Each structure stands twice: as structure tokens, then as C-alpha cells.
Amino acid sequence: MRKPGQFSLHTRISVVLTLLATILLLVLASLWLHGTRASIREEVEAATRVAEQWLTALSSELGARPQAERVIGAVRPLGRIRANALEVIAADNLVLYRSPAPTYKSGRVVPAWFASLLGPTVQPRILALGELRIVLYPDASRALIDAWDYLVEMAGWALLLLVL
């Protein structure tokens with residue numbers, strides 16, 4: 001006979017297995033977060049380096065003191081350069097050109113807590129062209145949306161498996 005308040009062997013085994021599964025899920029979630037954060041940071045950093053190198057090559061083609069119209073004419077067809085917004089700024093800090101908003105998954109954002117958890121902090125890059133400045137603003141928002149979509153998909157599958 002069981003004493004009152006004691007759990008059956010079946011219940012105790014179920015609790016232990018549930019705790020082990022929970023620990024495993026927490027460890028896997030932690031590994032996913034760490035890997036995804038590193039991947040997003042590397043992706044944005046690489047895209048920014050490529051954009052900076054491309055703009056440096058473009059600036060050497062334009063000369064030491066290019067006219068603003070010529071610079072804007074060169075960067076306008078580019079729009080956004082990979083994961084970077086772009087601005088051309090005059091000597092008086094007037095913004096002469098600003099790249100358009102991203103078109104990939106436009107209008108979508110991730111929750112702020114998720115963006116702060118995984119979003120990298122990358123400083124803008126400034127390239128001086130005479131009196132003009134071209135500023136690259138690294139933007140991880142599209143990579144964060146992809147990570148969020150993947151997380152929601154994984155959570156959906158996990159929930160489905162738990163229900164089954």
C-alpha cells in the first residue's frame with residue numbers, strides 16, 4: 001500500500017523523464033540562440049565589409065572631390081547594399097540621398113525582445129568623398145525576421161509533437 005502523498009513509480013518516472021526533456025530543450029534552445037546570434041552578426045558584418053569595399057572602389061572612380069549629383073547618380077541605382085541602408089550627406093549635414101526601405105519581407109518586424117536578444121550592434125561606416133559623406137548603416141532586421149520565422153516554425157513543430 002502507498003502512503004498518502006507518495007507518487008506511484010509510473011508518476012515518478014514520468015516526472016524524471018519530463019525534467020530531462022525540459023533540460024534538453026533548454027540546452028538546445030541556448031545553443032540555437034548562440035549560433036543564430038553569431039550567424040546574424042557575421043552575416044551583417046560581412047555584408048557591411050563588402051558594401052564598404054565596393055563604395056571605396058566607387059569613390060576612387062569618382063575622384064577626390066566629386067559633385068553631389070554624380071555621387072547620387074552612382075549610388076541611387078544600388079538602393080540598399082545587401083544588409084545596409086545608405087545615406088549621402090553634404091558638408092552642412094543635409095541628407096542628399098537616403099536608400100529606400102528593404103523590400104524583402106517588407107512591413108514585417110520581430111518583437112523588440114527578440115531583436116534585442118539576437119540583434120548585433122554594428123557601428124555605421126562613414127566614407128568621406130571630398131565634402132560629402134557616404135554613411136552605411138548595417139541593418140540586421142531582415143536576418144532577424146528569418147530567425148524569428150524559423151523559431152516560430154520550430155515552436156510549432158515542438159507543440160505539435162507535445163500534443164501527439
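How many bridges join β3 to β4, and in which direction do the two strands run? In this predicted model, the count is five, and β3 and β4 run antiparallel. Within this pair, Leu127 sits opposite Ile134 of β4.

Zooming out, β3 and β4 belong to an open sheet of four strands, ordered β2-β1-β4-β3 with antiparallel pairing. The edges are taken by β2 (95–98) and β3; each has just a single partner strand, so one side of each goes without a neighbour in the sheet. Ignoring direction, neighbouring strands are turned by 20° against each other on average. Helix α1 packs on this sheet, where it touches β1, β3 and β4, and its direction makes about 0° with that of β3.

The largest nonpolar core counts 17 residues, and Leu55, Val71, Val75, Leu86, Val88 and Ile134 have the most contacts inside it. At least two residues of this core come from each of α1 (9–62), α2 (68–75), β1 (84–89), β3 (125–129) and β4 (132–138). The largest share, four residues, is supplied by α1.

Note on methods. Residues are numbered from 1 along each chain as its sequence is written. This is a predicted model: local features need pLDDT of at least 70, side-chain atom pairs count only at pLDDT 80 or more; totals for chains, interfaces and linings use all residues. Side-chain values use heavy atoms; hydrogens and water are left out. A nonpolar core is a set of buried Ala, Val, Leu, Ile, Met, Phe, Trp, Tyr and Cys residues joined through side-chain atoms within 4.5 Å. Buried means under 20% relative accessible area, exposed over 50%, partly exposed in between (1.4 Å probe, protein chains only). Two strands pair if DSSP finds at least two bridges between them. Axes are lines fitted to C-alpha atoms, for helices over the stretch in contact, and angles run from 0 to 180 degrees between N-to-C directions. Contact means heavy atoms within 4.5 Å.
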